[in-house]
Amino acid sequence: LLQSESTLKKAQEIAHIGSWRTDLTTGIMEWSEEVCKIYGVKPDENQQTLESLMSFIYPEDIEFVKKEIQKSYTNINENSFDYRIVRKDGTIRNIYVSFRYDVNKEGKPVSRYGITHDITERKQAEEKLLHSESMLKKAQEIATLGSWRNNLETNVIEWSDEQCRIYGIDLKENHQTLESLYSFIHPEDIKYVREKIENSVISKEDNSYYARIVRNDGTVRNIFCSFRYDINKEGKPISRYGITHDVTDRIKAEEDLQLNYSELKKINSELDRFVYSVSHELRAPITSIM
């Protein structure tokens, strides 16, 4: 028993998971050593009450925690939820709690027992990930550059939000297939795009192409697509991933520049003819004068 208790303490310490039990007759809560550590109290302060527990709850979460406990007590259901606590030193920690009830012969709850898990690091990692995803989405939107990943076993292509915007579809339609992708390609470019993709599967090399797409509303856009492969241990491609860049505005600017250049050449040519003509007409009088 002592060995099992020692192992349990070590396991709780490693996992930052503590256990507790509340006697609903006396209202006394017994905390394990790890619960005491999570709440930042001494091991000998392991007997608490619901009121003293509430004194640790982050002010904005108190009503939520009370409602969750009362709801589970009324229905005698197990429950679990996240909340924040404020230690005596002012440190804020994120907590996950899960619990259930012991009932007597009459079906009345006599005790509540459960676990308390310090999930602060996990929450911080999730927040960083969400922030990174948010920054990536904003960057893609500014650059009109979408990303995608194609599972070659299921043929499902997952599109980013900006990829959906480029193709003019709802953000919820972010699961496509190779066939649905081809349905957007301009009829004059479809053969070229197919060959590019099919040849890249065989060579397993990075590839890219320029093409036109036709949105559902008939709008034609110019895209640049670049992609590569994930290869398994057997050397077989298992997924294809890449980016799609809407280059319509850039190509239009280049075409305008080309038109302007052609117009400038035309003007220069006319100017050369005019200068030659004027020079020829002035040459004879100037010769006579000289």
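Mentor: We'll go from the whole chain to the sheet and its helices.

Trainee: What am I looking at, and how are residues numbered?
Mentor: Residues count from 1 along each chain as its sequence is written. This is a predicted model, where local features need pLDDT of at least 70, side-chain atom pairs count only at pLDDT 80 or more, and totals for chains, interfaces and linings use all residues, while side-chain values use heavy atoms, leaving out hydrogens and water.

Trainee: How many helices and strands does the protein chain have?
Mentor: Nine helices and twelve strands. Those are DSSP runs numbered from the N terminus: helices are H or I with at least four residues, strands are E with at least two.

Trainee: And how much of the protein chain is buried?
Mentor: 30% of its 290 residues. Buried means under 20% relative accessible area, exposed over 50%, partly exposed in between, with a 1.4 Å probe and protein chains only.

Trainee: Now the sheet. In what order do the six strands run?
Mentor: β3-β2-β1-β6-β5-β4, an open sheet with antiparallel pairing. The edges are β3 (47-48) and β4 (79-86), each pairing on one side only. Two strands pair if DSSP finds at least two bridges between them.

Trainee: How many bridges join β1 to β2?
Mentor: Four, between residues 17-23 and residues 28-31. W20 sits opposite W31 of β2 there.

Trainee: What about β4 and β5?
Mentor: They pair antiparallel over eight bridges. F81 has V97 in β5 as its bridge partner. The two strands make a hairpin with five residues between them, and G90 in that turn has a positive phi of about 90°.

Trainee: Which residues of β4 are on the covered face?
Mentor: N79, F81, Y83 and I85. S80, D82, R84 and V86 form the uncovered face.

Trainee: Switching to helices. Where does α4 lie?
Mentor: Helix α4 (residues 62-75) lies across β4, β5 (92-103) and β6 (109-118), at about 150° to β4. Angles run from 0 to 180 degrees between N-to-C directions, with axes fitted to C-alpha atoms, for helices over the stretch in contact. Helix α5 also packs on the sheet, touching β4, β5 and β6, and makes about 125° with β5. Contact means heavy atoms within 4.5 Å.

Trainee: What follows α5?
Mentor: T144, with a positive phi near 45°.
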